[in-house]
Amino acid sequence: RSLVASPQALEDQYSPSRWSRRLDRDTIIGVHFEVTAAGTERARASAQTLLHVPYGNGDGEKLDIYFPTNPSETFPVLVYIHGGYWQCLSKDDSGFAAPPLVSQGVAVVAVGYDIAPKGGCCPAEAAAACVAQRPSALTFVLCLGHMDAMVLQVRRSLVFLMAQYPRIRGIYLCGHSAGAQLAAMALSTDWTEFQVVPDIKGAVLVSGVYDLEPILHTYVNDALNMSREVAQRNSPMRHVTSPVLAACEVLVVVAQHDSPEFRRQSQEYSQALRAAGWSVSLLDLAGVDHFNVIEKLSEDSYLLTQVGTSAVPRQ
């Protein structure tokens, strides 16, 4: 639980742009958008791709797939879930990490999901219907951008991949910031209701938020419009179970220049996973902030790129 007392201090702690040493807070987010978009454009130009693959009926329910340069008969897949505080960025900015991986025989899938709309989220009654009905397509339309819907969309994207691509040999999740929360919620899924258990072999969770309660009274919740119940239901920290995915290894990554709250959340979530019996490591990366900790995945020489590529077996 957050120990930050004042509302302004809490706002500061959950404003990642305030903590970078490279750029001022008004510049760094725009630069992050530019870097990830340019990296994705380069990846699309250099890799064999299948873009805008629908995994559901909603406009936002699409995947971008970057295929391995020299695919073997079966191949592992890294599924990337973007950040943006659940209200900006998209799969169209999320292919920047593909080049080092596709060259090593790994497919990369960027998942699209319906981010929270500007000006507030769906009505509470529509959200309740979402949860109660395991949404039909009609209910889903009402709930676009609701936290329950985003979590469900990511889960359904993994089920789709398993069904659609039988050549997949192991799924490795990678989520950044809000995407790390969504990836972590995938780890806590009861897959029995989906009739498919995705073969998740590993997860790299980068600069994530694993307890959503502290952000309820910050600017982050203006668009999300989460109640306390919704925040608790979608906080990975509150849903750590013993691992059903026995072979799954989790790497929790935090940046040196993440805020103390982000660093605390990463440490406490990794400890909770370990206590529940998960195979988990905490990687504290020096010299990076909340933004370039993930941007640098486009570089072969970056430590996290090397750790990621060595962790994914190609044979």
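Predicted model: local features only at pLDDT ≥ 70, side-chain atom pairs only at ≥ 80, totals over all residues.

Author: The structure holds zero disulfides.

For the protein chain as a whole, 57% of the 315 residues count as buried.

Strand 5 has pairing partners that can be described in turn. Strand 3, made of residues 75-81, runs parallel to strand 5, and six bridges join the two. Within this pairing, Phe75 stands opposite Ile168 of strand 5. Strand 6, residues 200-206, also pairs with strand 5 in the parallel sense, again over six bridges. Here the bridge partner of Leu173 is Ala203 in strand 6.

The path from strand 5 to strand 6 involves a helix. Strand 5, helix 7 (residues 178-187) and strand 6 together make a right-handed β-α-β unit.

The nonpolar core comes next. The largest such core has 63 residues, and Leu173 is among the six that touch the most other members, together with Val79, Trp86, Leu205, Met226 and Val250. Helix 6, covering residues 147-164, gives the most to this core, with nine residues. A second, separate core holds 28 residues, including Ala43, Ala98, Tyr302 and Leu304.

Leaving aside residues up to four places away in sequence, Val250 touches Leu187, Ala203, Leu205, Leu273, Trp278, Ser279, Val280 and Ser281. Ala203, one of these contacts, is also the bridge partner of Leu173. Leu205, another residue touched by Val250, is itself listed with Val250 among the core residues that touch the most other members.

Finally, the wider setting may be given. The secondary structure of the protein chain comes to 12 helices and eight strands. Among contacts with a separation of 6 or more, 76% are between residues 24 or more positions apart. The protein chain exposes about 13200 Å², of which carbon and sulfur atoms supply 53%.

Definitions and conventions
Residues numbered from 1 in each chain as written. Heavy atoms only, no water. Disulfide = S-S within 2.5 Å. Core = buried A, V, L, I, M, F, W, Y, C linked by side-chain atoms within 4.5 Å. Buried < 20%, exposed > 50% of the residue type's maximum accessible area, 1.4 Å probe, protein only. Helix = DSSP H or I, 4+ residues; strand = E, 2+ residues; numbered from the N terminus. Contact = heavy atoms within 4.5 Å. Pairing = 2+ DSSP bridges. Right-handed = clockwise from strand over helix to strand, strands pointing away. Areas by Shrake-Rupley, 256 points an atom, 1.4 Å probe, with all protein chains shown as cover.
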